[in-house]
Amino acid sequence: MSRDHQSEARRARPGRGIAGPGEEGPAGYRVMQVLNNNAVLARDGNGRAVVLRGRGLGYRSRQSRWVAAGDPAIEAVYVAEPAAVPAPDWLPGVVARLVQRAEAALGEPVDPHIVPALVDHLAFALHRVRQGLPLENPFLDEIEVLFPEELLLARQLLADVAAAGGPALPPAEAGFVALHLRAARAGVPVKQPARDTALVHELVEWVRRRLEVPLRPGNLDHARLVAHLRYLVDAVARGGGTPNPLLPRIREEFPQAMALAEEMGAEIARRLGKPVPEDDLGYVALHLAKLMLEGRPPEGTAPSGRE
């Protein structure tokens, strides 16, 4: 996705700001939907769906549906890269409503750049479904633990897509939408939460194999391990950690669990290119020790049929 900044947006022929009702400026953007007080979904002169961001731009656009290309309120223009699969005309509006719903539900801003990026992603997903091709998401179990708010909103989006006339998208697709939402909340590229979630998934699978424990999705031990590993990955990414006064005792009482945690730490360091705080590895070792002592799923856990 490309981003045209304010200086680039002003290269167009100067306009008259936001035109009055019924007027159209000489060059600019037709507002399709107001995302919030500072962002709007619009179409440019080539018919592309774009997001305009600028202080008060959304508020002013409630009275007018045209923004001139040279309007000084425009701080950034988000445009999707040319896509191999065209998006249905109704899709940008559906995604824009997701942004509005997310901001209302979460009580915080959602980066508007999500709109063109997610429109492209969903257009490709719709194309695959129409072609009868599978959509698989191996990280859905971890996403459900890590990003439950985003996943709920993503499932509502899939219902909106179907209501707008699109084909039914599989549940796995909600996981990908949730990653886009998470990235928009954090103001980072979607590849960052996708990378971290994939790493947590691989570490969970590694623990399952090494300890020969089921770790079924929905199981409390699974949820706790996912949360522990996500915290560890976040700590490494931000270059910090949590002091662990119990570390010497953990090493003494649970040497095998600590050794396994250090193996995991080495893999995380290799993948992220940053050192792993030893104190945080101690906390992970405690959880591994608990799994090793139990050696079986908690009583009362119903088999899910998934290993």
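**Entry 1: what I am working with.** I am looking at a predicted model, so I keep in mind that side-chain atom pairs count only at pLDDT 80 or more. I ran the salt-bridge search over the whole structure first, and it returned 20.

**Entry 2: the pair between two helices.** I picked Arg 185 and asked which residue it forms a salt bridge with. It is Glu 150, with the closest N and O atoms 2.9 Å apart. I then checked where the two sit: Arg 185 is in helix α7 (residues 171–186) and Glu 150 is in helix α6 (residues 148–163). They are 35 residues apart, and the pair links distant parts of the chain. Buried or exposed, I wondered, for Arg 185 and Glu 150? Both come out buried.

**Entry 3: α6 on α7.** Next I looked at how the helices holding that pair pack. The axes of α6 and α7 come within 8 Å and cross at roughly 125°. That angle makes α6 oblique to α7, and I noted the crossing as right-handed. I listed the contact residues too: on the α6 side they include Glu 149, Glu 150, Leu 153 and Leu 157, and on the α7 side they include Val 177, Leu 181, Arg 182 and Arg 185. Sorted by class, the contact of α6 with α7 has 9 nonpolar residues, 1 polar and 6 charged.

**Entry 4: α7 on α8.** From α7, Leu 179, Arg 182 and Ala 183 meet Pro 193, Ala 194 and Thr 197 of α8. The class count for the contact of α7 with α8 is 4 nonpolar, 1 polar and 1 charged.

**Entry 5: a pair inside α8.** While on α8, I looked up Arg 208. It forms a salt bridge with Glu 205, and the closest N and O atoms are 2.3 Å apart. Because Arg 208 and Glu 205 are 3 residues apart in helix α8 (residues 191–211), about one helical turn separates them. Arg 208 counts as buried because its relative accessibility is 12%. Glu 205 has 23%, so I logged Glu 205 as partly exposed.

**Entry 6: α9 on α11.** Then I asked at what angle helix α9 (residues 220–238) and helix α11 (residues 255–272) pack. I got about 45°, with the axes 11 Å apart. So α9 is oblique to α11, and α9 passes α11 in a right-handed crossing. Leu 229, Leu 232, Val 233 and Val 236 of α9 make the contact with Met 264, Ile 268 and Leu 272 of α11. I found 7 nonpolar residues in the contact of α9 with α11, and no polar or charged ones.

**Entry 7: a pair inside α11.** Last, I checked Glu 267, which forms a salt bridge with Arg 271 at 3.5 Å between the closest N and O atoms. Glu 267 and Arg 271 both lie in α11, 4 residues apart, about one turn of the helix. Glu 267 is partly exposed at a relative accessible area of 26%, and Arg 271, at 32%, also counts as partly exposed.

Notes
Residues are numbered from 1 along each chain as its sequence is written. This is a predicted model: local features need pLDDT of at least 70, side-chain atom pairs count only at pLDDT 80 or more; totals for chains, interfaces and linings use all residues. Side-chain values use heavy atoms; hydrogens and water are left out. Axes are lines fitted to C-alpha atoms, for helices over the stretch in contact, and angles run from 0 to 180 degrees between N-to-C directions. Angles under 35 degrees count as roughly parallel, over 145 as roughly antiparallel, 65 to 115 as roughly perpendicular and the rest as oblique. A crossing is left-handed if the near helix is turned anticlockwise from the far one by less than a right angle, and right-handed if clockwise. Contact means heavy atoms within 4.5 Å. Ala, Val, Leu, Ile, Met, Phe, Trp, Tyr, Cys and Pro count as nonpolar, Asp, Glu, Lys and Arg as charged, and the others, Gly among them, as polar. A salt bridge is a side-chain nitrogen of Lys or Arg within 4 Å of a carboxyl oxygen of Asp or Glu. Buried means under 20% relative accessible area, exposed over 50%, partly exposed in between (1.4 Å probe, protein chains only).
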